[in-house]
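Colleague: Let's walk through this model together. I will ask, and you point me to the answers.

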Amino acid sequence: MPLAQHTMDSAPPFPEPGDRQAWRRWRDWKRAYLPLSMGDLLVEIGNPLNPTRSECRAVHDRLARWNMALFACNPHVFDKEALRALAGKFGLHRLDSNWLADDDGITSLTVREGGVRGEFIPYTNRAIRWHTDGYYNPMDRQIHALLLYCERSAAYGGVSGLFDHELAWLYLHEEDPTLTEALAQPDALTIPARYEDGRLARRDIVGPVFSRSPSGRLHMRYTMRGRNAHWKPDPDVQRARARLEALLASHPPGMVHGRLEAGMGLICRNVLHERTAFADAPGHERLLYRARYFDEIVAVS
Ligand SMILES: [Fe+2]
């Protein structure tokens, strides 16, 4: 079935709590077509500075169904400016210029030995477990869209896993609605304060795992890390956390894995993702650009 038949327009809205009819309609629609591989997500874009309408529609069709799309373009014509321009085509302008980002607000992810960056996993070659981006951000600065672009892949490894966070919600809700209710508690997950040289650099961040975005979509705030994440000591929350972890470990339908090669990128509504460890070699030093946005992705006309 061509994706074009399932456009943004036909996507049922994320169901309101207690609306069983809306839940069933949305669930059946989500379950009807799941991505089987990274290839299902992929759209080729000729000129990323000026993608055609049909290229944008193809990206949107994937975003509508799966909240994520991959794009592939000529690596010789793509750079950080192209990434910013592409984001703009999808209504994304307000970048989260976190303190480790480059001056232009886009982060260059590459292995950094020593220094403050080397203390953070994204700047190492170690595996990164399932998470959504910015889970440690204050609740009024949550990340709603994430773009990645691979300038250079590693010599070995660096395989990404992607999983639509709406599917995580769906599978848990289908198993037992109290699981998703527990993870919507406003104090379900706390990221403890961060100190630098004994001084407070960031306060405790307390918030839910599942919440609604300003436009009514599902937003997820999650890390599988055991350290630096405190889960509410409530039996329902603890059980839901364990079920979510088991779900992610079970490779459920709709979860895909693959490697971003040079010239490939991801545009998504901050879906769940992970990355395996990797090894660089001379000329094959993994370099990814990352842009995080406070804005939500909007439909192109
Ligand atoms: Fe991430």
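Colleague: Leaving aside neighbours within four places in sequence, which residues is Leu 147 in contact with?

Modeller: First, this is a predicted model: local features need pLDDT of at least 70, side-chain atom pairs count only at pLDDT 80 or more, and totals for chains, interfaces and linings use all residues. Residues are numbered from 1 along each chain as its sequence is written. Contact means that two C-beta atoms, placed from the backbone, lie within 7 Å. With neighbours within four places set aside, the contacts of Leu 147 are Leu 83, Ala 87, Gly 265, Leu 266, Ile 267 and Ala 291.

Colleague: Which residues touch the most other members of the largest nonpolar core?

Modeller: A nonpolar core is a set of buried Ala, Val, Leu, Ile, Met, Phe, Trp, Tyr and Cys residues joined through C-beta atoms within 7 Å. Buried means 20 or more other C-beta atoms within 10 Å of a residue's own; exposed means 12 or fewer, and partly exposed lies in between. The largest core has 66 residues, and those touching the most other members are Met 68, Ala 69, Leu 83 and Leu 147.

Colleague: In what order do the six strands of the open sheet lie?

Modeller: Strands (E, at least two residues) and helices (H or I, at least four) are DSSP runs, numbered from the N terminus. Two strands pair if DSSP finds at least two bridges between them. The pairing is mixed, and the order is 1-2-16-5-19-3.

Colleague: Which are the edge strands?

Modeller: An edge strand here pairs on one side only. That picks out strand 1 (42-44) and strand 3 (107-109).

Colleague: How many bridges join strand 5 to strand 19?

Modeller: The two strands run antiparallel. Strand 5 and strand 19 are joined by seven bridges.

Colleague: How many residues of strand 19 are buried?

Modeller: Strand 3 also joins strand 19, through three bridges. There, Thr 107 stands opposite Arg 290. Strand 19 is mostly covered, and its buried residues number five of seven.

Colleague: Which residue in strand 16 stands opposite Phe 71?

Modeller: Strand 2 (residues 68-72) and strand 16 (residues 264-268) pair in the antiparallel sense over five bridges. Opposite Phe 71 stands Gly 265.

Colleague: Near what value is phi of Asn 67?

Modeller: Asn 67 is found in the loop between helix 3 and strand 2. Most residues other than glycine have a negative phi. Asn 67 is not glycine, yet its phi is positive, near 65°.
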